[in-house]
Amino acid sequence: MPALPLDEAGKYVAGAYLVFLALLLVYVAIMSARLARLDRELAELGELAGNVVERERSTREEAFRG
Amino acid sequence: MSFRAPRTLAALTVGTLVAGFALTFFFAPNDADQGFVQKVFYLHVPLAICALIGFMVAAVQAVLHLRSGDPKWDVRSYVSIHISVIFGIAVLVTGSIWARASWGKWFVWDEPTLVSFLIVFLLYCTYYPLRYAIEDRERQARYASVFAITAGAFVPLNFIAVRLAETLVHPRVFATADGGLTAKMTFTFLVCLGGMALLWETLVRFELATKSSRARIGRLRRALEGDEAIGSGSRIAPAPREAGS
């Protein structure tokens with residue numbers, strides 16, 4: 001098969017490389033969404049840890065008073 | 001089980017891939033037969049090689065999992081398959097575009113190389129339903145490893161079968177004595193292959209780092225909430241003990 005002229009071949013080559021780039025971008029977007037979720041979970045854990053510390057402190061104080 | 005995100009590796013990957021693509025368009029000569037459209041070769045072939053080797057790496061990791069019982073190998077095998085499947089999607093799409101430009105068709109159903117790659121890809125697509133159909137995490141990991149080994153052994157067998165097939169429409173660039181490529185083309189191809197291999201490894205490590213963080217957050221949450229099941233850990237088998245990667 002003869003080589004395609006540059007203007008015709010260029011579309012296909014650009015298409016192939018753009019598909020690769022698009023796939024990479026989709027992957028990065030998914031990873032950033034996951035990272036945001038991990039960030040939220042970490043914030044929740046921080047709150048949870050704060051509550052646990054607070055609860056332990058009040059238990060200790062009650063025991064000290066009692 | 002703890003994996004760190006590889007910043008240096010990520011930077012090296014970006015550098016190598018950019019260099020590879022720059023060489024593709026500004027250094028490697030146009031192919032005498034196919035012309036400019038052959039530039040897809042520097043993207044499509046490294047992707048295919050990395051995807052297939054990735055499947056075999058997953059099989060080796062699955063063997064290590066079955067031998068040692070260490071869940072970290074199961075997680076690694078899962079992630080290797082996952083990234084290779086993503087590479088497989090890219091191989092099929094870029095291959096279709098190249099086929100359309102070269103042969104006038106998006107897919108040639110009687111071409112052994114194309115059909116065999118599609119079969120391998122579809123085979124690995126069944127890994128996910130198989131894995132998540134099993135609730136017990138130990139059994140899930142064991143069955144997934146058996147699958148990874150069986151399918152991984154199928155990859156080289158498939159490759160040999162295709163090479164032995166008589167009908168060859170798909171170009172055999174590396175089959176000729178001198179490789180069929182000029183020195184400039186070979187150099188460009190090797191840089192692209194290196195970049196793609198680095199990309200595969202980087203994505204694998206990022207995926208492992210994410211999974212590791214999720215599992216640790218899940219364990220921390222359970223510990224803070226007094227061992228109450230929250231279900232926020234990784235969907236794949238988390239390490240019951242610190243495996244020390």
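User: Which residues of H6(B) are buried?

Analyst: The buried residues of H6(B) are B:Gln140, B:Ala141, B:Ala144, B:Ser145, B:Phe147, B:Ala148, B:Ala151, B:Gly152 and B:Val155. Buried means that 20 or more other C-beta atoms, placed from the backbone, lie within 10 Å of the residue's own; 12 or fewer is exposed, and in between is partly exposed. This is a predicted model: local features need pLDDT of at least 70, side-chain atom pairs count only at pLDDT 80 or more, and totals for chains, interfaces and linings use all residues. Residues are numbered from 1 along each chain as its sequence is written, while chains are lettered from A and ligands numbered from 1 in the order in which they are written.

User: What covers the buried residues of H6(B)?

Analyst: The cover includes H2 (41–68), H3, H4 (112–125) and H5 (127–132) of chain B. Helices are DSSP runs (H or I, at least four residues), strands are E runs of at least two, and both are numbered from the N terminus.

User: At what angle do H3(B) and H6(B) cross?

Analyst: Roughly 50°, with the axes of H3(B) and H6(B), residues 137–164, coming within 10 Å. That angle makes H3(B) oblique to H6(B). The crossing is left-handed. On the H3(B) side, B:Pro71, B:Asp74, B:Ser77, B:Tyr78 and B:Ile81 make the contact; on the H6(B) side, B:Ala141, B:Ala144, B:Ser145 and B:Ala148 do. By class, this contact of H3(B) with H6(B) has six nonpolar, two polar and one charged residues.

User: Okay, what are the cut-offs behind those words?

Analyst: Contact means C-beta atoms, placed from the backbone, within 7 Å. Axes are lines fitted to C-alpha atoms, for helices over the stretch in contact, with angles from 0 to 180 degrees between N-to-C directions. Under 35 degrees is roughly parallel, over 145 roughly antiparallel, 65 to 115 roughly perpendicular, and the rest oblique. A crossing is left-handed if the near helix is turned anticlockwise from the far one by less than a right angle, right-handed if clockwise. Nonpolar covers Ala, Val, Leu, Ile, Met, Phe, Trp, Tyr, Cys and Pro; charged covers Asp, Glu, Lys and Arg; the others, Gly among them, are polar.

User: And how far apart are the end C-alpha atoms of H6(B)?

Analyst: They are 41 Å apart, which agrees with the 40 Å that its 28 residues should span at 1.5 Å a residue. The expected span is 1.5 Å times one less than the number of residues. H2(B) also has 28 residues; it reaches 40 Å from its first C-alpha to its last, close to the 40 Å expected. Just after H2(B), B:Gly69 takes a positive phi of about 75°.

User: What about H7(B)? How does H2(B) pack on it?

Analyst: At about 45°, with the axes 9 Å apart. H2(B) is therefore oblique to H7(B). The crossing is right-handed. From H2(B) come B:Tyr42, B:Pro46, B:Leu47, B:Ile49, B:Cys50 and B:Gly54; from H7(B) come B:Thr188, B:Phe189, B:Cys192, B:Leu193, B:Met196, B:Ala197 and B:Trp200. The class count is 11 nonpolar, two polar and no charged residues.

User: Which residues of H3(B) meet H7(B)?

Analyst: B:Val75, B:Arg76, B:Val79, B:Ser80, B:His82, B:Ile83 and B:Phe87. Their partners in H7(B) are B:Trp200, B:Leu203, B:Val204, B:Glu207, B:Leu208 and B:Lys211. By class, that contact has eight nonpolar, two polar and three charged residues. The axes of H3(B) and H7(B) come within 9 Å and cross at roughly 130°. The two are therefore oblique, and the crossing is right-handed.

User: Switching to B:Phe107. Where does it sit?

Analyst: In the loop between H3 and H4 of chain B. B:Phe107 counts as partly exposed because it has 14 C-beta neighbours inside 10 Å. Leaving out residues up to four places away in sequence, it touches B:Ser96, B:Ala99 and B:Leu114. Its C-alpha lies 8.4 Å from that of B:Gly95, 12 residues apart along the chain.

User: Now chain A. What is its secondary structure?

Analyst: One helix and zero strands. Of its 66 residues, 8% are buried. Chain B has seven helices and zero strands, and 42% of its 245 residues are buried.

User: How many residues does each chain bring to the contact between A and B?

Analyst: Chain B brings 29 and chain A brings 24. On the chain B side, H3 (71–103) and H7 (183–224) each supply at least two residues. H3(B) gives the most, with 11 residues. By class, that side of chain B has 16 nonpolar, seven polar and six charged residues.

Definitions and conventions. Contact = placed C-beta atoms within 7 Å.
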